[in-house]
Protein chains: 2
Amino acid sequence: MAVQTVASTTDSAAGTSVDLGPAAALSCRECGHRVPLGPVFACEECFGPLEIAYDFSAYDTEELRKRIEAGPANIWRYAPLLPVPADVATKPNINPGWTKLVQADNLARELGVDAGKLFVKDDSGNPTHSFKDRVVAQAIEAARAFGFTTLSCSSTGNLAGAVGAAAARAGFRSCVFIPHDLEQGKVVMAAVYGGELVGIEGNYDDVNRFCSELIGDPAGEGWGFVNVNLRPYYAEGSKTLAYEICEQLGWRLPDQIVVPIASGSQLTKIDKGLRELIELGLVEDKPYKIFGAQAEGCSPVSTAYKAGHDVVRPQKPNTIAKSLAIGNPADGPYVLDIARRTGGAVEDVTDEQVVDAIGLLARTEGIFAETAGGVTVGVTRKLLESGALDPSLTTVVLNTGDGLKTLDAVAGTGMTATIRPTLESFREAGLV
Amino acid sequence: MAVQTVASTTDSAAGTSVDLGPAAALSCRECGHRVPLGPVFACEECFGPLEIAYDFSAYDTEELRKRIEAGPANIWRYAPLLPVPADVATKPNINPGWTKLVQADNLARELGVDAGKLFVKDDSGNPTHSFKDRVVAQAIEAARAFGFTTLSCSSTGNLAGAVGAAAARAGFRSCVFIPHDLEQGKVVMAAVYGGELVGIEGNYDDVNRFCSELIGDPAGEGWGFVNVNLRPYYAEGSKTLAYEICEQLGWRLPDQIVVPIASGSQLTKIDKGLRELIELGLVEDKPYKIFGAQAEGCSPVSTAYKAGHDVVRPQKPNTIAKSLAIGNPADGPYVLDIARRTGGAVEDVTDEQVVDAIGLLARTEGIFAETAGGVTVGVTRKLLESGALDPSLTTVVLNTGDGLKTLDAVAGTGMTATIRPTLESFREAGLV
């Protein structure tokens, strides 16, 4: 079995002719070794993760800013900074992004943050209601460039829907692998887009292991696994969160940003995006702090952070925040680096605090977040109480998904009262 | 009991000082009698429905167009055409609107519509994922203007969530009335925003009757019922669908538009919005056709249309399209007028066709619609087959809500196959 994880000479040759805009090569995050663009994700020298290296040298800052501002109200306004062809916005895709940055003054008041300083970046406004639409949109363009005809992934929820929807619109076949005993609601959400949905008899680890085998097998030929062999492209989608936050703040960096941690990829790419904006001169060069948020029931990175470790010891997840429940997060060490380098921190909250925070955000700002949003809001509260977050600084909290997808977490929420349809019964209920 | 349905002298006096932008008065749709702006909804002369009369006389067409285009990416870009104060965008609200108009070439191919001619206006992108956010946002501004402190409504779903979220963010108390036996998921969606949620022992008609009593009772003083005493303001929110469609088409009218019918209010306000754009010179004056869509299990308007009647005979609803299940639609006669005047039609589809259409839209465009969206897409297919819709003309189909809210309708959708985590088992499943 020849698992196609590293760039071989053949792959490299195949990859040289693709047009993915400013993406110039793949570069190893560990050793810096460069290979041509191709459907590979691990360095042939050291097995480190490959990421996109760009050539932004031709850009004039003010021309670039104008080009972005004149662009569409979705992630493709940032096409000049992404691994996509210049004409990406003309191709059929579900066009995620440009979600609301909500000035959360009611929440600020409850948390003791200065008025006008707290913002929620609400990614539940994406087409399938999670930030996954951003990353899948990049993977689709890479899949087109490399000639793949089937899009695939392993998933337990948000990603399955995002791949199904994007593949349907873009004209790809999709085949998504999920654990066979997934909740019926999530199965429906993934199946409705008409792609193949295959249940695997086993747990999520078994699903992942099977996908890795399939990539190396002739049966998987022509298949782009968005979070495996297309991962370097896919992951770049998270940079758009950083771009949007800064542009929506009036081309300013936030002072503090609170990001959920699953694999840790999103946090590292937000950092990458912020640094790119500084290097390009689109925002002033000033310090910012990045904070990571986990649920206590799956907190390998915050545990390592608090212990002062550089490595992350895997955990067996046990939390209601299922979209963050990755016990062995691939980018965990990079998250630790970034939190420490920027002066941030990594913190976790209990499931009970997650549920409380979902309710807090809903009743203050009218935003119904999935459990991952409860994690970031809960961690924000905890970090304000501990003094790690400064309540006088501009702070952005991410909500990466939609409460409609994790209704079970707030199933305890219910009616204030039940009455007969009479004014007398209404008065007796004590609501006036 | 003095139900406050008609404008009394006192109400009129109280209403004169409010600033609701270009809204000049309330005008009876039946007899044209005008009264000052106030929290009333029925004509004191003939009991006809009151609607907003505007003063747009000061507007210069090209200045107005520029002002709109420079406005925010939400409904408030159209503030000059709505019953809201000029500074509405600076007030806390959930800012719905400016949802995607998706060029649906895949769907067009399946339905036999010319390439580039079919569009889906996808209102599932609103904050609480239905078009109700548009109407509630108007009601909130009227409630502010009239000094109400509690927002209320009767609801069986989408409206409850929209009111709960908007009230939370805008700083109103909310008290929403629902049938006591509503599905648990819908209760959770409505309760999470922290307002009062009161179950009424009875059906939806009992809930409505109770709300009418409450409006006339001291217990309901200071209460704005978004779809009762604030209805003239509330209903105007649907005009923004017409404005957005035309602006997103490049300031062009569509030739044909397919709209779902519940009370019929949305369809009549879309017509009103299109006519305003013509009168203001923002689009060219040319014919357009409006088509109404119902589910067969609640089709009082299409039944009347087909029978050539001017009046609508009430029906007892029995359909999975619950958000459209109004058996006695208040605006039914106006819908008949508009369909006939514009050369459109009213049609209905079976629940089975609704489910098929939800799947069709999902697998062609990656849009997961609620049952109401299945109704409009299903009716579009039927009207194309009958020749009532011209496949060579620019056609817009509305999706007014999100499939995540009506998962039961597609519960039959499931996995293609279940396999063991081996390549052998995968090959046996016949997927490659």
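Strand β11 (residues 289–295) of chain A is mostly covered, since six of its seven residues are buried. Buried denotes a relative accessible area under 20%, exposed one over 50%, and partly exposed anything in between, with a 1.4 Å probe and protein chains only. Strands (E, at least two residues) and helices (H or I, at least four) are DSSP runs, numbered from the N terminus.

The model is predicted: local features need pLDDT of at least 70 and side-chain atom pairs count only at pLDDT 80 or more, whereas totals for chains, interfaces and linings use all residues. Residues are numbered from 1 along each chain as its sequence is written, chains are lettered from A and ligands numbered from 1 in the order in which they are written, and side-chain values use heavy atoms, leaving out hydrogens and water.

**Neighbours of the strand**

Two strands pair if DSSP finds at least two bridges between them. Strand β10 (residues 256–260) of chain A runs parallel to β11(A), and five bridges join them. Within this pairing, A:Q256 has A:K289 of β11(A) as its bridge partner. From β10(A) the chain passes through helix α10 (residues 265–279) of chain A to reach β11(A), a β-α-β crossover that is right-handed. Right-handed means that, with the strands pointing away from the viewer, the path from the first strand over the helix to the second runs clockwise. Strand β12 (residues 345–349) of chain A also pairs with β11(A) in the parallel sense, over five bridges. Here A:Q294 has A:D348 of β12(A) as its bridge partner.

**Aromatic rings**

Over all chains, the structure holds 24 aromatic pairs. Rings of Phe, Tyr and Trp (its six-membered ring) pair if their centres lie within 6.5 Å; planes under 30 degrees apart count as stacked, over 60 as edge-to-face and the rest as tilted. Two pairs are set out below.

| Pair | Centre to centre | Angle between planes | Class |
|---|---|---|---|
| A:F426 and B:F177 | 5.7 Å | 65° | edge-to-face |
| B:W223 and B:F225 | 6.0 Å | 25° | stacked |

The pair of A:F426 and B:F177 crosses between chains, from helix α15 (residues 423–428) of chain A to strand β7 (residues 173–179) of chain B. A:F426 is buried, at a relative accessible area of 0%, and B:F177 is buried at 0% as well. Both B:W223 and B:F225 are buried. Elsewhere, ring pairs link A:F177, A:F210, A:W223, A:F225 and B:F426 into a cluster.

Charged groups also meet rings. A charge sits over a ring if NZ of Lys or CZ of Arg is within 6 Å of the ring centre and within 35 degrees of the ring normal. The charged end of A:R29 lies over the ring of A:Y334, 4.0 Å from its centre, and A:R77 lies over the face of A:W98, at 3.9 Å from the ring centre.

**The nonpolar core**

In soluble globular proteins, nonpolar side chains tend to be buried together. A nonpolar core is a set of buried Ala, Val, Leu, Ile, Met, Phe, Trp, Tyr and Cys residues joined through side-chain atoms within 4.5 Å. The largest one has 259 residues, and A:L151 and B:L151 have the most contacts inside it. Contact means heavy atoms within 4.5 Å. Not counting residues up to four places away in sequence, B:L151 touches residues including B:I140, B:V163, B:F172 and B:L230.

A:F47 is exposed, with a relative accessible area of 61%.
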